[in-house]
Amino acid sequence: MSTQTSSADPAPTLAEIRVPRETVNDDTVTIQDWHVSHGDQVKARQLLVSIETSKAVLEVEADAGGFVQILHGKGAEVPIGELIGRVLATAPAAVAGASTEPPRSPGGTQPGNGVNGSRGAASTPVRSSNRLRDRQQGTVGAGSGSVAPSDPRADARGSVEASADGPGTHVLPDRPAASLAISKKAQALIDEHRLDAQTIFAGHGLVREVDVIRHLESRIADHQREHPAPPSPATIARSAPIEPRAAASTVNSAYPTKSRGLFGDAASSAKDRGNRSVLWLAWNYFWRNWLLGNLARWAPRGVILPIHRMRGVKMGRDVFIDPTAIIETAFPENITIGNDVRITAGCVIMSHIKAPHYLRESGLVPVVLKPVILEDHCFIGVNSVVMPGVTIGKASVVTSGSVVVTNVPPYTMVQGNPAKVIKQFPKPA
Amino acid sequence: MGHSVLSVFSPVNDPRTLLPDPLSNFPAELKTALTIRMVEQRLLKLFSEGKLFGTVHTCIGQEFVGVSVSRCLNDRDTIFSNHRGHGHFLSYRRDILALIGEIMGKSCGVCGGRGGSQHTQIDGFYSNGIQGGIAPVAAGQAFAHKLKGSTGGGGGIAVVYIGDGTLGQGALYESLNIASKWDLPVLFVNENNLFAQSTSQTQTLAGDINARAEAFGIKAWHSDTWDWPKLLDNMRACIDEIRRTGRPAWHRVDTFRLMAHSKGDDNRPQEYVQPFFDRDPVNVLMKRYEADPRWKAMETEIAAEIEAAVAAADAAPWGDVRMDEHKPGSAHEYHWQHRTFEKEKGVAAVRKGLEHGLECHPNLVLIGEDIESPYGGAFKATMGLSTRWPERVRNTPISEHAISGIGNGLALCGMIPVVEIMFGDFMTLCADQWINHAAKFRFMFNDKVRVPLIIRTPMGGKRGYAATHSQSIEKHFVGLPDTQVLCLNHRYSPTLLYKDLFASIDRPTLVIENKILYGQNVNPDPPPGFDLIFTNERFPTARLKPDTNEHGAGAGTDITIVALGGVAVDAEEAVIRLFNDEDLVCDLFMPTRLYPFDIGVLEPSLRQSRRLLIVEEGQGFVSMSSEIIAQACERLGHLGLSARRVTATPNPIPAARPLEQLCLPGANHIVTKALEVMREHANVQR
Ligand SMILES: Cc1ncc(C[n+]2csc(CCOP(=O)(O)OP(=O)(O)O)c2C)c(N)n1
């Protein structure tokens, strides 16, 4: 038995203390009380612990004399068959707070397995030698379980009639004080963007990926509003978390699984962009993505950057963008480019993924809309692709023909599909 | 056809039939007997005239049985009669219009035309057309009389009529056993007319009739209708003795049905039946008083009464089938609210509810196998209760049919019986009482009676009890109008449910408990990110409502899940996994009432999600989940709903744990189906 040889407990085990199966009802039972403390010396047959089952209180005695090691403390809920303590030959190491240990979740433990799977060859089955005193906790009367209403007649009316909203019932508040639960996908995004979820989503119940995306969208929008001039990428990347938007009405209520939403449904996009008219939106889209996007591809070098800025790309100084590069086809406002960045021929920088209807709505390929940040001094080699959500750190290099799907740390060279780190530059002091 | 049966009965009339003047000694009795004879003859005529719908079972030849019993009863006593009950009825209450009107199906009938010939009810008189099943009901009535008597309410006695063909029914012997063991004041009257429909007793009866009752320690009497004065005496002595001793009695009365079993279905040869015509007591009396003006006057008076009744019934309007309350499925406004209750083991909460019931309702009685302490029931739900209320918490023999029938009898007499059926699988043995008695009494007795019967039983597997102790067979018991089926889950307090049930009980109610739940905590605290709310109904639907940051009912819900009973635990686990791992938001509904079920409670959520997933531990074919999907399609089909079910695999439940896990719904199955319904949704053009 592995537990016997664990380095924390070198003392040989004289007897195990386990939860016996005594009722047909319970898979788990509660440790009502230990009658000895961790480390106490006990005699054989001494009463050790009371265990509460749905039927009765079982009392478990020591099979052998020795020193008690407590593994599950008072109040713990443990599965049938669980090892809750041992009687050792010598005093056990002090286990911090062993006797006041918080209840351990039974988890997925199978009650039967606990007994068969971990009972050592040397240990005698506790069940046969423990004396179980059946205290019949259910005995009714003055006992704890009794109902004893002061006026049986009044009580006989039952809980529904007795009170429209008397004891036992109260009217639903607007929003209960629920604690947060964050899905794994949402958590990944939160981690990626180093968001302070507890603050941002305070007052929310469930936080899904879509909630985080919306938060990021609103952050960009807010930022744009506040800083019409091209910001330094560092400002965005390191800006303090922005409070969730107060007006929930600006949030599309059906994204992404509820309707074609953000991409197909102009009306909901309009909401996203602050309730502007659909016409304006259509014009905006056409203008930014088709007209200006194409213009940028044919324009002389000198006007490429202003065109991209007009499209909404946030850009620092000394940037080079080749005319054949594509800087987002639909959401240029999600692209942030720092100072002295070079994006060479044939590159594609994307901030969204939108699969066909089937893949999207079946949940196989969810819609993605994540900002892309190219920090100062980056170099994107020819024919490379930068995918949504990627931040390319300061002075990093993406070699030709790479596809970047994860963040690139500063002063790093990446290569390949998917791009992997191949070189680390020394950081200047 | 055994001609030898004639020898069963003494061929010679007792000299006492030739009393100097029976008419002056027993004027009331003879008038009742003659009334029964003439009413039934008129009924046969009405039948020939095409005025009756259905059939009539006449008791022509057997009139004196009913007469002999009813004259000894008072208004605390009850009678349970059978398919051949016109004579029993008229001797209990000589209301010719009530009976003829009923058989003609008119509103002036004693049950408004709903009951007909076999199902009549007035005051302490009841009849039902199920052979044998009425015996335990009568025993239950006797139990109620006894309990009332012991609390100073003045106990009556119960009577039940049993044909000799019905001697083949097991429920009868379960009832004899309990009646004797419990000292119930019940009289079993066995009308021994040698035939059951077309079948001669010689083909079906083994051994001796009275020895059967005597084997249970019940005193067995023997009379016949030919020597009717002696029958009257014997019956009075027998009933007096029941009142004196409080013990049951058995009274075999040899008699003969002169006419067909029903109508036109007599294939007994004429030469066999004829001798019985000649010695029939009413025929003998008619012959004897042929020229007596007193008899003539009586006949004329009865005939006039009958004709008046027929004319009145003919002119009366038809009744109706409305019941006074809203039908399942009718619009109900649901409001959601929080409820507070203690977190505790399911079995403790059930016990508390029962304890509360015994405490607050002096007419509440718990019966079942092994429910007395110190054992306290197979799952310990009644632990300790018999110590405090020994009169009202009682162990029974292994007789599920009889104990559910006793429940019905108690219920008819104003008690609140709570019958524990040890394992839900054994409900099959209660099916007759549930379906043919409990569910029908109120309607067929024209809303005059209530059957506040409660049956509690644990269903569900995951305990390794295998095929006959693990099933969830509630689907066989839902759907009977005027009944309700409740189920417990880990999200609503059984204590509150039982309190409200006891306070409101007015119909047969099956409460499905769950073996797993007994050892689990009933838990009022929702997991993070969810709110636990309840409908404002007496038996609420619990809802684990996702708290998304979108507002409005059901906003942001991907799947609406309904979990029935114990599987709510698995569904909840799945809901949490679906959120954590798949980023899906599910709205979980856990109704505590399976029947009637109204889809309206799900409607707002379904409108949002348009995906429905139902988790049910039993078999899926024609089940609660089929019903819910049917209702959803009828109400919301235009939304293009996608639906899936998670139910048991189609086989009996195996014993081994891994095999059982394959068969019964668990969180894994639920997650898989949820993803399936998500995928399907994408294919549907919205
Ligand atoms: C449970 C049940 N099985 C079968 C029948 C059909 N049935 C109606 S009357 C009858 C014969 C009853 O014979 P018996 O008990 O001798 O009464 P009798 O008709 O002779 O008065 C039968 C088989 C029924 N009503 N109920």
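**View 1. The ligand and the residues around it.** In this predicted model, the ligand is surrounded by 15 residues, with His83(B), Arg84(B), Gly165(B), Thr166(B) and Phe195(B) the closest; a residue counts as near if one of its heavy atoms lies within 4 Å. By class, this shell holds three nonpolar, ten polar and two charged residues. Here Ala, Val, Leu, Ile, Met, Phe, Trp, Tyr, Cys and Pro are nonpolar, Asp, Glu, Lys and Arg are charged, and the others, Gly among them, are polar. Local features need pLDDT of at least 70 and side-chain atom pairs pLDDT 80 or more, while totals for chains, interfaces and linings use all residues. Side-chain values rest on heavy atoms, without hydrogens or water, residues are numbered from 1 along each chain as its sequence is written, and chains are lettered from A and ligands numbered from 1 in the order in which they are written.

**View 2. The largest cavity.** About 120 Å³ of space lies in this cavity, and the count of cavities of 30 Å³ or more is six. A cavity is a set of points on a 1 Å grid over the protein atoms alone where a 1.4 Å probe fits but cannot get out, and lining residues have an atom within 4 Å of a point; points are joined across faces, edges and corners, and the volume is the space filled by probe spheres set on them. Of the 15 lining residues, Glu474(B), Ile512(B), Leu564(B), Gly565(B) and Gly566(B) lie nearest the centre. Strand 17 (residues 509-514) of chain B gives the most, with three residues (strands are DSSP runs of E, at least two residues, numbered from the N terminus). Domain 2 (336-518) and domain 3 (541-685) of chain B each supply at least three residues to this lining, the bounds coming from an automatic or database domain assignment.

**View 3. The second largest cavity.** This one has a volume of about 90 Å³. Its lining includes Tyr334(B), Phe539(B), Arg593(B) and Asp598(B), and divides into six nonpolar, one polar and three charged residues.

Conventions: 1 Å grid on protein atoms, 1.4 Å probe; cavity = no way out; pocket = protein on both sides within 12 Å on 5 of 7 lines; lining within 4 Å. Helix = DSSP H or I, 4+ residues; strand = E, 2+ residues; numbered from the N terminus.
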